Amino acid sequence: MSQLCANATCKQISHVLCYCCNKNFCLDHLLTHNTLNNYKSNSLIDQINRLHKQLKRLNIDKIVDESRLKLDKWRDNSLKKVHHFYDTKCEELDRYYTGKVRQQQKEIEQLYKKLNELNQKQDTIDENNINELQTNILHLKHKIDKIEQKIIPINIRALTIDNDLIIIGEMKIKGFDLTTLSLPYQTFNISENFELGLASNNQYLLIDQNSDLILFDKDLTIIQQSTWDYGVIHDFCWSSGLVSFIVITEQSKAFLVSGNNLSINSIEGIDNHLWISCTCSNSFLYLTTLSNSIVEFSLLPSFSCMRRWDPPTTCKENEFIKDINCNDDKIALIIVHFSDKIIHLIVRSLTTFDQLFSIRLDIKHLSYQLPIRCCPLKNNEWLVIEANTSQFFHIGKDGKLKRTLTYDQPPYNALLFGSNILVIRTDSTINFHEVLH
């Protein structure tokens, strides 16, 4: 059957089939089609030739050398940290031995004192006193021998380096999946109390426990422990901008706590409200108040109030803010309406405070006292935990529920520690779960 030419404006009968594009053309438009194809082909060849010349001009050695500067800088900074840690431990070792020697010196002086007392009472000298003194001398000699023989224990763990510290090439974004959550591989037992705090700087984990602040590493080994004498803690978070933890208390006070040695400094100028919860972005601190307001403070060069949002912007009547948390340029709010047994996770833009999405979470039995917390995950996703029913809710970046899970204990707090450790705080344990991607 005869077919018309493939050119839309041509009414002639086609005579030739182009095997390249499988179209029929009349003789006139076949020439035009062939010329156009040749032009396109030549243009593509020119583009490829230019790319080839551009590739040949690349100075790979120079590019590698310039990129290696980043590795060199990382190496130098890392070595500084290692040297600083080494120097700190050397000072600690010196203090340890000096303290031991000073203690033995005191014990020797006590022995001299007892011996003098015995010499002054030669007429009533007791053999039991002599034996006791001899025993003390032997114990002291044993202690001094241990120091002299350098058998004081020094426990050293090999330095482990995460291969993901440096990634060459495109970084593969990994996702979080509740279905792969395994049993905890590490557990630290704590006394049962109402302390709920949990924060990390991806190197160390901070908790509050029995009027102490405790800093753990990723092996759940205690790195630092410091007494807290500044009132009941309401919440704390990590500030990467200040390289410190920020702690808020029931006394409307806020404190900076060093991420290295837990040294504590009071923050002035932000103690006008009863602060309930806190979270930090790279540049700002966000605090919630008892009246359900959210106040934004700049971190540098000093703490200064920048913006404030009040109800009904933050929440409606008969609702209140249970928790807040930042993730990149977004802030998540846990909004609770107890009379209607309704919980919403609302995510807003930190730039405009516009609502990005809201999702209602179905929880049948709400408790006013028990915590409901939200935890930021990778890829702008969220994890919501609820202690009364021990439920986890995994929320995607599109605001849709991806998965739920019932934990075997009531979870009081949670965070993603580094890239692959999910930390769950219960009333009596700190649990480390490996997150498989």
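1. A friendly place to start is cysteine 5: its relative accessibility is 6%, so cysteine 5 counts as buried (under 20% relative accessible area with a 1.4 Å probe and protein chains only; exposed is over 50%, partly exposed in between). Cysteine 90, at 32%, is partly exposed.

2. Before going on, please note that this is a predicted model, where local features need pLDDT of at least 70, side-chain atom pairs count only at pLDDT 80 or more, and totals for chains, interfaces and linings use all residues. Residues are numbered from 1 along each chain as its sequence is written, and side-chain values use heavy atoms, leaving out hydrogens and water.

3. How many disulfides are there in the whole structure? A search finds 0, a disulfide being a pair of cysteine sulfur atoms within 2.5 Å. For cysteine 5, the closest cysteine sulfur belongs to cysteine 26 and is 3.8 Å away, too far for a bond.

4. Now to the largest nonpolar core, with 18 residues (buried Ala, Val, Leu, Ile, Met, Phe, Trp, Tyr and Cys joined through side-chain atoms within 4.5 Å). Ile334, Ile343, Leu345, Val384 and Ile395 touch the most other members. Apart from this core lies another, of 17 residues, including Trp275 and Phe297.

5. Leaving aside residues up to four places away in sequence, isoleucine 334 touches Ile343, Leu345 and Val384, among others (contact means heavy atoms within 4.5 Å).

6. Finally, look at aspartate 212, which is buried yet has no salt bridge (a side-chain nitrogen of Lys or Arg within 4 Å of a carboxyl oxygen of Asp or Glu). The nearest side chain of opposite charge, arginine 425, is 11 Å away.

Methods
Lys and Arg count as positive and Asp and Glu as negative; His and the chain ends are not counted.
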